[in-house]
Amino acid sequence: MSTPPATAVRPWPALWSLVIGFFMILIDTTIVSVANPAIMRGLHTDINTVIWVTSAYLLAYAVPLLITGRLGDRFGPKNLYLIGLTIFTLASLWCGLSGSVEVLIIARTVQGLGAALMTPQTMAVITRIFPPDRRGAAMGLWGATAGVATLVGPILGGVLVDGVGWEWIFFINVPVGIIGFIMVWRNVPQLATSPHRFDIVGVFLSAVGMFLLVFGIQEGATYNWGTITGPISVWGLIIAGIVVLAAFVGWQAITKSEPLLPLDLFKDRNFSVGNLVITTVGFTITCMSLPLVFFYQTVRGLTPTQSALMLVPMAVISAGLAPVVGKMIDRVNPKWFALFGLTVLSVSLLWYSLLMTPDQPLWMMLFPSALLGFANGFMWGPVSNMTTRNLPPHKAGAGSGVFNTTRQIGAVLGSASIAALIQARLTAEMPAAPGGASGLSEIGGGELPVFLHEPFTTAMSQTLLLPAAVALLGAVFVLFFQKPKKAVWEAPETRAAAPVPAEG
């Protein structure tokens, strides 16, 4: 794949072109949850099967991120992005045309693989075409995209499902994907590659370890954290995943060829701290929406679209604020912005928890939503900037792969944790049904009887304390960031003409 040679790199048109596809794939991590009931009706399936429409996508998305980041270093981030975007767009069309839930699950798996090819390349290109002292605004836009996409997904999903049918949550990706492809082809430059041997053993160990770990965590609640089949258990998979990933790290330390994961990335303190911080962010953002949506729909009787619209203040403020913060962090230590963002995130979730009562006026719930917008605006860009600022250009893909992997692992941990905690708190707070049953399995899709509003709301309020605590832990991690160094930077054209330093 080649493009006409460019006389100069235009960073902002390149970034805006990449953001279109990045926004689309992040929306697809959340949009399907709103459509699940409609998919169940349309494809005549059950809840246990339809859950795999989301699980298959998340697994295929999370598992290869370490590998696809490294592939971008070797074959060029633009090439990998365009290949991934093509796969994602065609798989989206396949999803919409699926005539059975089994075909839909397969198509979603392919869609996830396309997303995994695209995601690390976005941050890698930012790192390579923006000078460190101008990278803050770019990371601000990247951060705003990541934050807003998690909120727009449910809103857009509700509107499309209610208006034209569940198939259109996938069909809408097709024109967006075509536009994104053309823009990236025209505006994103070809960057230098690293023509070294590929670590096949590392690829195998990382893929197997990530699959076992992510599958175990993600599906733990489905199997009640017990036996899956025969001698295979959830905890067995999780432990096996950790062991295989430990073997992967050991192999990376001793391999003579180019490692898949250059461990010297972690010699940079900010890179190590940033990966801890983004794990807590991924955990918190994934955790917080489920208790709120349950409260709005089953206690207050809102539709899926109406409940998603309760988060609009967060989306609007986050989108408007993040680019402004991005420009500021080029002049001020981003650490303090990140600390403010994580602290406000924790405070806003605690505020939600305190306000959550059955008779609370709904307009009052818009205030913590707005505060969450400030948290998002001050959080994503500064954390991303601090984490990747010191990366050398030829390791940008590897670093981006690690960063996005830890964010996704945090999201999977958050999803599994909040589901387990909701079940536990409902069991403790809700009155026992005939036969002693209680908990989430007894909750239907509509509004609860009035006598259950109080205990159900209490349970949801309590579960919000978990993401609030994890966000506060992230704020503590932020304190360990060092002030960014003054980096020496070469323009991409100069770098492209020079040999890329060998690793290892």
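User: Why does Phe367 count as partly exposed?

Analyst: Start with the cut-offs: buried means under 20% relative accessible area, exposed means over 50%, and partly exposed is in between (1.4 Å probe, protein chains only). Phe367 has 44% relative accessibility, so it falls in the middle class. A word on the source: this is a predicted model, where local features need pLDDT of at least 70, side-chain atom pairs count only at pLDDT 80 or more, and totals for chains, interfaces and linings use all residues. Residues are numbered from 1 along each chain as its sequence is written, and side-chain values use heavy atoms, with hydrogens and water left out.

User: What makes Thr89 buried or exposed?

Analyst: Its relative accessibility is 9%, so Thr89 goes down as buried. Thr89 is part of helix H5 (residues 77-97); helices here are DSSP runs of H or I with at least four residues, strands are runs of E with at least two, and both are numbered from the N terminus.

User: Which residues does Thr89 touch?

Analyst: Contact means heavy atoms within 4.5 Å. Setting aside residues up to four places away in sequence, Thr89 touches Asn173, Val174 and Gly177. Thr89 and Met24 are 65 residues apart in sequence, with their C-alpha atoms 9.9 Å apart in space.

User: And Leu321, buried or exposed?

Analyst: Leu321 comes in at 18%, which is why it counts as buried. It belongs to helix H14 (residues 312-328) and is in contact with Phe374, Gly377 and Phe378, leaving aside neighbours within four places in sequence.

User: How many aromatic pairs does the structure hold?

Analyst: There are 12 aromatic pairs. Rings of Phe, Tyr and Trp (its six-membered ring) pair if their centres lie within 6.5 Å; planes under 30 degrees apart are stacked, over 60 edge-to-face, and the rest tilted.

User: Why is the pair of Tyr57 and Tyr61 called tilted?

Analyst: The ring centres of Tyr57 and Tyr61 are 5.9 Å apart and the planes make 45°, so the label is tilted. Tyr57 and Tyr61 sit 4 residues apart in helix H3 (residues 47-62), so about one helical turn separates them. Both Tyr57 and Tyr61 are buried.

User: What makes Trp351 and Phe367 a stacked pair?

Analyst: Their centres are 6.5 Å apart and their planes make 25°. Trp351 is in helix H15 (residues 334-355) and Phe367 in helix H16 (residues 366-388), so this pair ties together parts 16 residues apart in sequence. Trp351 has a relative accessible area of 33%, so it is partly exposed. Elsewhere, ring pairs link Phe337, Phe340 and Phe378 into a cluster.

User: How do you know that the charged end of Arg108 sits over the ring of Tyr57?

Analyst: For that label, NZ of Lys or CZ of Arg must be within 6 Å of the ring centre and within 35 degrees of the ring normal. The charged end of Arg108 sits over the Tyr57 ring, 4.2 Å from its centre. Lys78 does this over the ring of Trp185, at 5.4 Å from the centre.

User: What makes Asp28 and Arg108 a salt bridge?

Analyst: A salt bridge needs a side-chain nitrogen of Lys or Arg within 4 Å of a carboxyl oxygen of Asp or Glu. For Asp28 and Arg108 the distance is 3.4 Å, N to O. The two partners come from distant parts of the chain: Asp28 is in the loop between helix H1 (11-27) and helix H2 (31-43), and Arg108 is in helix H6 (residues 101-129), 80 residues apart. Both Asp28 and Arg108 are buried.

User: How many salt bridges does the count come to?

Analyst: The count is 2. Glu429 and Arg425 form a salt bridge too, with the closest N and O atoms 3.3 Å apart. They are 4 residues apart in helix H17 (residues 396-429), so about one helical turn lies between them. Glu429, at 27%, is partly exposed, and Arg425, at 25%, is partly exposed as well.

User: How much of the whole protein chain is buried?

Analyst: Of the 504 residues in the protein chain, 57% are buried. The chain has 20 helices and 2 strands.
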